[in-house]
Amino acid sequence: VVFGRPKGYRGSYRQWQEDHLPPQVVFEILSPGNRPGEMSRKLLFYQQYGVEEYYLYDPDSNSLEGWIRQEGILDWIETVQDWVSPRLGIRFDPSADPLVIYRPDGKPFVSYGERSRQAEQERQRADRLAAKLRELGLDPDAL
């Protein structure tokens with residue numbers, strides 16, 4: 001997450017091409033190929049280049065760790081249960097499986113699959129309403 005830079009697609013974030021502005025918040029999702037040494041190097045990299053918050057999630061074990069910049073270093077967050085990101089205002093609940101992240105308004109973020117399911121339900125509902133309007137002799141596209 002980077003504030004202060006224009007939105008747009010980037011295959012990867014290149015700080016030197018972005019006015020040297022570091023990401024403020026970084027989320028890493030572990031995959032089976034990640035190695036502990038690699039992740040340690042990433043943490044040091046983010047510390048060196050000014051990241052404010054760093055979160056590391058392992059979906060296989062449903063574990064979440066976090067670090068926050070204090071006095072110039074990324075300091076480990078002892079417990080991320082109900083931790084609120086100072087920069088984003090989002091709250092983490094790693095006791096749920098899978099991890100639940102709550103928006104600043106207290107509502108949970110929904111997964112991509114759930115969002116797709118909701119969109120499909122809304123489309124089907126809209127189709128049914130349009131069909132009903134046509135049965136009543138009304139053109140839903142003209143309303």
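Q: What makes β2 largely enclosed by the rest of the structure?
A: This is a predicted model, in which local features need pLDDT of at least 70 and side-chain atom pairs count only at pLDDT 80 or more, while totals for chains, interfaces and linings use all residues. Residues are numbered from 1 along each chain as its sequence is written, and side-chain values use heavy atoms, with hydrogens and water left out. Buried means under 20% relative accessible area, exposed over 50%, and partly exposed in between, with a 1.4 Å probe and protein chains only. Six of the six residues of β2 fall in the buried class, so the strand is largely enclosed by the rest of the structure.

Q: Why is the unit made by β1, helix α1 and β2 called right-handed?
A: A crossover is right-handed if, with the strands pointing away from the viewer, the path from the first strand over the helix to the second runs clockwise. The β-α-β unit of β1, α1 (residues 36-48) and β2 is assigned that hand.

Q: How do you know that β3 pairs with β2 and with β4?
A: Six bridges join β2 to β3 in the antiparallel sense, and β3 pairs with β4 (residues 73-76) over four bridges, again antiparallel. Isoleucine 68 takes part on both sides, standing in β3 opposite glutamate 53 and having aspartate 75 as its bridge partner in β4. Tyrosine 57, for its part, stands opposite leucine 64 in β3.

Q: What makes the ten residues that include Val25 and Tyr55 a nonpolar core?
A: A nonpolar core is a set of buried Ala, Val, Leu, Ile, Met, Phe, Trp, Tyr and Cys residues joined through side-chain atoms within 4.5 Å. The largest such set here has ten residues, namely Val25, Tyr55, Tyr57, Leu64, Ile68, Ile77, Val80, Ile90, Phe92 and Leu99. Strands β2 and β3 (63-70) each supply at least two residues of this core. Apart from it lies another core, of nine residues, among them Met39, Leu43, Leu56 and Leu74.

Q: What makes the phi of asparagine 62 worth a remark?
A: Most residues other than glycine have a negative phi, and most peptide bonds are trans. Asparagine 62 has a positive phi of about 55 degrees although it is not a glycine. The residue belongs to the hairpin of β2 and β3, which has four residues between the strands. With a relative accessible area of 11%, asparagine 62 lies under the 20% limit and is therefore buried.

Q: Why is aspartate 19 called exposed?
A: The relative accessible area of aspartate 19 is 63%, which is over 50%, so the residue is exposed. Aspartate 19 is placed in the segment before β1, and its phi is near 55 degrees, a positive value in a residue other than glycine.

Q: How do you know that the span of α2 is close to the expected one?
A: The expected span of a helix is 1.5 Å times one less than its number of residues. Helix α2 (residues 112-135) has 24 residues and reaches 35 Å from its first C-alpha to its last, close to the 34 Å expected.

Q: What is the form of the peptide bond from aspartate 97 to proline 98, cis or trans?
A: That bond is cis, with omega near 5 degrees, and proline 98 lies in the loop between β5 (91-93) and β6.

How values were computed: Pairing = 2+ DSSP bridges.
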